[in-house]
Amino acid sequence: MKRGLVLALAPLVLATSGCGYNQIQQKDEQAAQAQKQISVQLQRRADLVPNLVNTVKGYAQHEEAVFTQVAAARGALTGAIQTGDAAQMSAANAQLTGALGRLIAVAEAYPQLKADQTFLRLQDELAGTENRIATARGDYNQAVQDYNAYIRRFPQAITAKVTGAKARTYYEAAPGSETAPTVDFGTRPAGATPAAPRSP
């Protein structure tokens, strides 16, 4: 009985292997690896946030509402990274971008903070990380395009249906999340007296 079943399935196995099964697996793995690179860079961004917050706190201790928003957005991004879902990661990254924009804007009232070397370095690192995220996103979307196009073609579409291979979701950057938040600090002297904290 078992031998008869194997013989009956042999043509199907041969047909499947000849209809792009290995290529489907390879392209799917390429997309998975590219998505991991997005996760790595998003995690790197999230890891920079506590140092940035602590630096700002040293000058602007009264901005607790902003610090809370940043902490919540960072937590949401970390959680989204764990899911591996491109849409969730993109939305959470956009949320963190907005929160960081508010945090960096706080520096407008603190000239000494604007001149702090740690603060400036962290801003540069955040900008560099955003560039890496953009590159990783482009690589992932290209891999997804190749994979999705491949499994729609005949006869690969049959193989994809039989094996349960499904189209992957693109990583679409939310508006405003493609670049690190920046603020034009103007030309006020670095040694000027800090302004009073802004009202919430």
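Here is a short tour of the structure, one selection at a time.

**Before you click.** This is a predicted model, where local features need pLDDT of at least 70, side-chain atom pairs count only at pLDDT 80 or more, and totals for chains, interfaces and linings use all residues. Residues are numbered from 1 along each chain as its sequence is written, and side-chain values use heavy atoms, with hydrogens and water left out.

**Show the whole chain as a cartoon.** You'll find seven helices and zero strands; helices here are DSSP runs (H or I, at least four residues), strands are E runs of at least two, and numbering starts from the N terminus. Of the 200 residues in the protein, 38% are buried. Buried means under 20% relative accessible area, exposed means over 50%, and partly exposed is in between (1.4 Å probe, protein chains only).

**Select Leu42, Leu52, Val56, Val70, Leu100 and Leu103.** These have the most contacts inside the largest nonpolar core, which has 40 residues. A nonpolar core is a set of buried Ala, Val, Leu, Ile, Met, Phe, Trp, Tyr and Cys residues joined through side-chain atoms within 4.5 Å. Colour α2 (21-57), α3 (64-83), α4 (86-106) and α6, the elements that each give two or more residues to this core. With 10 residues, α2 gives the most.

**Zoom in on Leu42.** Which residues does Leu42 touch, leaving aside neighbours within four places in sequence? Its partners are Leu77, Ile81, Met89, Asn93, Ile133 and Tyr171, where contact means heavy atoms within 4.5 Å.

**Now pick Tyr147, Tyr150, Ile151 and Ala165.** They are among the six residues of another core, which lies apart from the largest one.

**Move to α7 (156-163).** Select Gln156, Thr159 and Ala160, which are buried. Looking down the axis of α7, you'll see its buried residues fall within an arc of 100° (taken from the directions from the helix axis to the C-beta atoms), so they line one face of the helix. On the face turned away from that buried side, find the exposed residues Lys161 and Val162. Gly164 follows α7 and has a positive phi, near 80°.

**Finish on the surface.** Phe154 is in the loop between α6 (117-152) and α7. Is Phe154 buried or exposed? Phe154 counts as exposed because its relative accessibility is 68%.
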